[in-house]
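Please open the structure in your viewer and keep the selection tool at hand.

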Amino acid sequence: MRRTLLPNRLWLCIAIILLASQHEAIAQDHAAKIQEVLALAQKYRQFNGSALVAENGKVIYKGAFGQANIEWDIPNTPDTKFRLGSITKQFTATVILQLVEQGKIKLDAKLTDYLPEYRKDTGDKVTIHHLLTHTSGIPSYTSQPGSLRTSAAIRTRLMSL
């Protein structure tokens, strides 16, 4: 009795398919665990919001829990927009330091080097390092009129770097 051997290419294709399906199964398992943890946290009023989790650049979980507006009974969705505050500081610092590492921003550069329309009297004295360490002396602007438009302009400028 003679056994027929499969060509090497076929074995390679089978191995790739098995590895891909195993990776997909692992991602699905992670997504199920994330869903379970967030649902439990929401049940005990420890989480209300949206979550997106990615592994290796691929989204493995996207979900939402609770209410975006309790008064009007509007549920959160994965696309709900939230006003963010201080919670983003560590993420901003990480991105800025990645840009420094890539040579796109310098910590000792002046604010006006990157935002030339910023007022010169302070922008020529304040460095990126000052901004990251909250030692610039610039007052909080979030309570001032138009602060959301200013934030959007700064975010747009940084995204273009």
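A salt bridge is a side-chain nitrogen of Lys or Arg within 4 Å of a carboxyl oxygen of Asp or Glu. The model on display is predicted, and a search of the whole structure finds 3 salt bridges.

Select Arg-119 and Asp-121 to begin. Their side chains form a salt bridge, with 2.6 Å from N to O. Asp-121 is partly exposed, at a relative accessible area of 41%.

Next, select Lys-33 and Asp-29. A salt bridge joins these two side chains at 3.5 Å, N to O. Because the residues lie 4 apart in helix α1, about one helical turn separates Lys-33 from Asp-29. Lys-33 is partly exposed at 48% relative accessibility, and Asp-29 is partly exposed at 37%.

Proceed to Lys-62 and Asp-79, whose side chains meet in a salt bridge of 3.8 Å, N to O. This pair links distant parts of the chain, 17 residues apart: Lys-62 belongs to strand β2, whereas Asp-79 sits in the loop between β4 (74-75) and α2 (89-101). Lys-62 has a relative accessible area of 47% and is partly exposed.

Now turn to the nonpolar residues. Which residues make up the largest nonpolar core? Select Ala-31, Ile-34, Leu-38, Ala-51, Ile-60, Tyr-61 and Phe-65, the 7 residues that form it. Both α1 (8-43) and β2 (58-65) supply at least two residues of this core. Apart from this core lies another, of 6 residues, including Ile-96, Leu-99, Tyr-114 and Ile-128.

Finally, select Ala-51. Leaving aside residues up to four places away in sequence, Ala-51 touches Leu-38, Tyr-61, Lys-62 and Gly-63.

Methods:
Residues are numbered from 1 along each chain as its sequence is written. This is a predicted model: local features need pLDDT of at least 70, side-chain atom pairs count only at pLDDT 80 or more; totals for chains, interfaces and linings use all residues. Side-chain values use heavy atoms; hydrogens and water are left out. A nonpolar core is a set of buried Ala, Val, Leu, Ile, Met, Phe, Trp, Tyr and Cys residues joined through side-chain atoms within 4.5 Å. Buried means under 20% relative accessible area, exposed over 50%, partly exposed in between (1.4 Å probe, protein chains only). Contact means heavy atoms within 4.5 Å.
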